[in-house]
Amino acid sequence: MPLGDITKIRREHSPEAISSILIPTWNNLPFLQLCIHSIRKNSGLKHQVIVHVNEGNDGTLDWLKSQPDISYTHSAENIGVCYALNAARGLVSTAYIIYLNDDMYVCPGWDTELFREIKEIGHHRFFLSATSIEPVPQSNCSIKGDYGRNIDSFKEEELLENFARLEMADWTGATWPPNIVHVDTWDLVGGYSIEFSPGMYSDPDFSMKLWHAGIRLFKGIAKSRAYHFGSITTKRVVRNRGYFQFIAKWGFTSSTASEYYLRRGEPYTGLLPEATIPGNIGWKNMLKRLDLVFRKF
């Protein structure tokens, strides 16, 4: 699909901004507004906020034009998450990139906990994720907590009262947003891979690109929390065949990457060791690769 022109609007932000928050959105204005509201209300640090607007014909574009502290990029068509993130990268003016979904509400301390961890790490070879609270947890990296499935049912005050009490320990295998990398690391691996457009399986692909660049610190920060309503946009989009694209690119399934490379969801114990793939899993992956010969993407 031809991309057409992408508009870039840079807005002034605090000179104290420590990171650039990239938020792709597609005709999802009420959730985007709630997301921005939570950043403004609950952040302990200053940030540059950059939104990529896919289409924006629901009022999103007009609303952003009225927000003097938000930079944005815009495409007339929905170009998906991968192109959107890479377009927004062009406006980044800080040392760190945070990727945040538009259907997320960040909780107090979300950013201070991330940067407390970064200060302790003392270098830039890491990939960190905040921890999501979800009505129906999508993985063992998420905390179960139902504070609403949509804007009308969202229990903001109840969430703010209870979020810190929900039990969770630091975990390994950072992949999904909210996540953060140093801008040099982002650029080293080329951002998000456009062959996965509109975006399914681009998250584990990005983690594997970091792995091949030598990153071994993949950590989920338990005290950095965000409420996630749950894939509001991906329920509407026509999905790419990311499962098979991932196998074609890496030679194994995303579940192999999650379990044996990233060890996603296991208690955090430090740098990841080199991956050891059991023989039966290796055979299964070989059969998956052979199966691709008879499939069309």
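Tyrosine 227 has a relative accessibility of 0% and therefore counts as buried, since the cut-off for that term is under 20%. The model in which this residue sits is a predicted one, and the values below are computed from it.

**Aromatic pairs**

The structure holds 21 aromatic pairs. In one of them, the ring centres of phenylalanine 154 and phenylalanine 229 lie 5.2 Å apart and the planes meet at 65°, so this pair is edge-to-face. Because phenylalanine 154 belongs to the loop between β8 (143–144) and α5 (156–162), while phenylalanine 229 belongs to the loop between β11 (218–228) and α8, the pair ties together parts that are 75 residues apart in sequence. Both phenylalanine 154 and phenylalanine 229 are buried, and for phenylalanine 229 the relative accessible area is 6%. Tyrosine 227 also forms an edge-to-face pair with phenylalanine 229. The two pairs are set out here.

| Pair | Centre to centre | Angle between planes |
|---|---|---|
| Phenylalanine 154 and phenylalanine 229 | 5.2 Å | 65° |
| Tyrosine 227 and phenylalanine 229 | 5.2 Å | 85° |

Elsewhere, one aromatic cluster includes Tyr99, Phe127, Trp186, Tyr192, Phe206 and Trp211, as well as Phe218, Phe246, Trp250, Phe252 and Tyr261. Over the face of tryptophan 211 lies arginine 216, at 3.7 Å from the ring centre.

**Helix α9**

Tyr261, a member of that cluster, is also among the buried residues of helix α9, together with Ser254, Thr256, Ala257, Ser258 and Tyr260. Since six of the eight residues of α9 (residues 254–261) are buried, this helix is largely enclosed by the rest of the structure. What covers its buried residues includes three other helices, namely α7 (202–212), α8 (242–250) and α10 (279–292). Just after α9, arginine 263 takes a positive phi of about 50°.

**The second largest pocket**

Which residues lie nearest the centre of the second largest pocket? They are Arg40, Lys46, His47, Val49 and Asp69, which belong to a lining of 13 residues. The space in this pocket comes to about 290 Å³. Helix α1 (29–42) and strand β3 (47–54) each supply at least two residues of the lining, and the largest share, three residues, comes from α1. Sorted by class, the lining of the second largest pocket consists of five nonpolar, four polar and four charged residues.

How values were computed
Residues numbered from 1 in each chain as written. Predicted model: local features only at pLDDT ≥ 70, side-chain atom pairs only at ≥ 80, totals over all residues. Heavy atoms only, no water. Buried < 20%, exposed > 50% of the residue type's maximum accessible area, 1.4 Å probe, protein only. Helix = DSSP H or I, 4+ residues; strand = E, 2+ residues; numbered from the N terminus. Contact = heavy atoms within 4.5 Å. 1 Å grid on protein atoms, 1.4 Å probe; cavity = no way out; pocket = protein on both sides within 12 Å on 5 of 7 lines; lining within 4 Å. Points joined across faces, edges and corners; volume = space filled by probe spheres on them. Nonpolar A, V, L, I, M, F, W, Y, C, P; charged D, E, K, R; others polar. Phe/Tyr/Trp six-rings, centres within 6.5 Å; stacked < 30°, edge-to-face > 60°. Lys NZ or Arg CZ within 6 Å of the ring centre and 35° of its normal.
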